[in-house]
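Hi there,

Here is the structure I promised to pass on. My notes on what turned up follow below it.

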Amino acid sequence: MVKIAPSILSADFCNLERDIRRVSAADWLHVDVMDGMFVPNLTVGLPVVRSIRAHTGMFLDVHLMIHKPARYIEQFAKAGADLLSVHLEADHPAQIAGALRAMEDSGVKKAVALRPITSSKAVLPYIEQLDMVLVMTVEPGFGGQKFMESQLDTIREVRAIIDRYNPACELEVDGGVNARTAPLVIEAGATVLVAGSAVYGAEDPAKAIEALRR
Ligand code: DX5
Ligand code: ZN
């Protein structure tokens, strides 16, 4: 069954503990870290991940939208992340490989993320060692954007690469996922769905989570 990872980007940060409790029916918790450089927005960082860790046992799926992420892998692992995603566009390949090695050494699960412009083939040098590939279906930076239908092809291509080289690898889709688009991305091969506004914008987040599973 597909996993649902609500994004706290759409939560009320003054009531974060309450808003994390509201999505306890989900499988993972998605934390969007933005640096104002790799993306034109700033969100949360290490102290917030540390505090979240102290208040929940949920699996923490931390999406690093930051420039040169290798600098921070060990610290995010120590802060309590269970999985880290680094963007392939955020540094040179040798540095991305270094970030993945740091994840291995720190005992966190390893993922790479693709902006919509990036070819599915960019995952090939890393695929055998990955626990997850994250395909963006909006330009990273903001919640509440419209799902890019053209990314369904990228999801299908990444699905084929995963099936061929590393079938246990998860395929996460992030951006504009809601009850209408969820079946499309599941059909294309996604195994983990991130949803911010579709979950936190709903009157009943638990119901919204169940609606995404179908
Ligand atoms: C966007 C973030 C997403 C965001 C998704 O850059 O990576 O995780 O929270 O929000 P929705 O589900 O509203 O598109
Ligand atoms: Zn995200």
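**The zinc site**

Six donor atoms surround the zinc ion (ligand 2) with angles of 71 to 169 degrees, which makes the arrangement octahedral. Here donors are N, O and S atoms within 2.8 Å of the metal (3.2 Å for Na, K and Ca), and water is not among the atoms, so sites may look incomplete. As for the geometry labels, six donors count as octahedral, and four as square planar, if opposite donors are over 155 degrees apart and all others between 65 and 115; four count as tetrahedral if all angles lie between 85 and 135 degrees, and anything else is irregular.

Before the rest, some housekeeping. This is a predicted model, in which local features need pLDDT of at least 70 and side-chain atom pairs count only at pLDDT 80 or more, while totals for chains, interfaces and linings use all residues. Residues are numbered from 1 along each chain as its sequence is written, chains are lettered from A and ligands numbered from 1 in the order in which they are written, and side-chain values use heavy atoms, with hydrogens and water left out.

Back to the zinc ion (ligand 2): His-30 (NE2), Asp-32 (OD), His-63 (ND1) and Asp-174 (OD) coordinate it at 2.1 to 2.3 Å. Along the chain, the spacing of these donors reads H-x1-D-x30-H-x110-D. His-30 belongs to strand β2 and Asp-174 to strand β7 (residues 170-174), so this pair ties together parts that are 144 residues apart in sequence. Helices (H or I, at least four residues) and strands (E, at least two) are DSSP runs, numbered from the N terminus.

His-30 and Asp-174 are both buried; that word means under 20% relative accessible area, with exposed over 50% and partly exposed in between (1.4 Å probe, protein chains only). His-63 sits in strand β3 and counts as buried too, at 0% relative accessibility. Its side chain makes a polar contact with the side chain of His-30 (3.4 Å). A polar contact is a pair of N or O atoms within 3.5 Å; within protein, one must be able to donate a hydrogen and the other to accept it, and residues adjacent in sequence count only if both atoms are side-chain atoms.

**Ligand 1**

Ligand 1 is surrounded by 20 residues, and the closest are Asp-32, Gly-141, Asp-174, Gly-196 and Ser-197. A residue is near a molecule or strand if one of its heavy atoms lies within 4 Å of it. Asp-32 and Asp-174 also coordinate the zinc ion (ligand 2). A polar side-chain atom of Asp-32 is 2.8 Å from an oxygen atom of ligand 1. For Ser-7, an N or O atom of the side chain lies 2.8 Å from an oxygen atom of ligand 1, and for His-30 a polar side-chain atom is 3.4 Å from an oxygen atom of ligand 1.

**Aromatic rings**

How many aromatic pairs does a search of the whole structure find? There is one. The rings of Trp-28 and Phe-59 have centres 4.4 Å apart and planes at 25 degrees, so they are stacked. Trp-28 is in strand β2 (residues 28-34) and Phe-59 in strand β3 (residues 59-65), so the pair ties together parts that are 31 residues apart in sequence. The rule is that rings of Phe, Tyr and Trp (its six-membered ring) pair if their centres lie within 6.5 Å, and planes under 30 degrees apart count as stacked, over 60 as edge-to-face and the rest as tilted. Trp-28 is buried, at 8% relative accessible area.

Phe-38 has a charge over its ring: the charged end of Arg-115 is 4.5 Å from the ring centre. The criterion is NZ of Lys or CZ of Arg within 6 Å of the ring centre and within 35 degrees of the ring normal.

**A few other residues**

- Arg-180 lies in the loop between β7 and α6 (182-188) and counts as exposed at 52% relative accessibility. Its side chain makes a polar contact with that of Glu-149 (3.1 Å).
- Lys-68, in the loop between β3 and α3 (73-79), is a residue other than glycine with a positive phi, near 50 degrees. At 33% relative accessibility, Lys-68 counts as partly exposed.
- Ala-111 is in strand β5 (residues 109-114) and is buried at 0% relative accessibility. Its C-alpha is 4.6 Å from that of Met-132, 21 residues apart in sequence.

Best wishes
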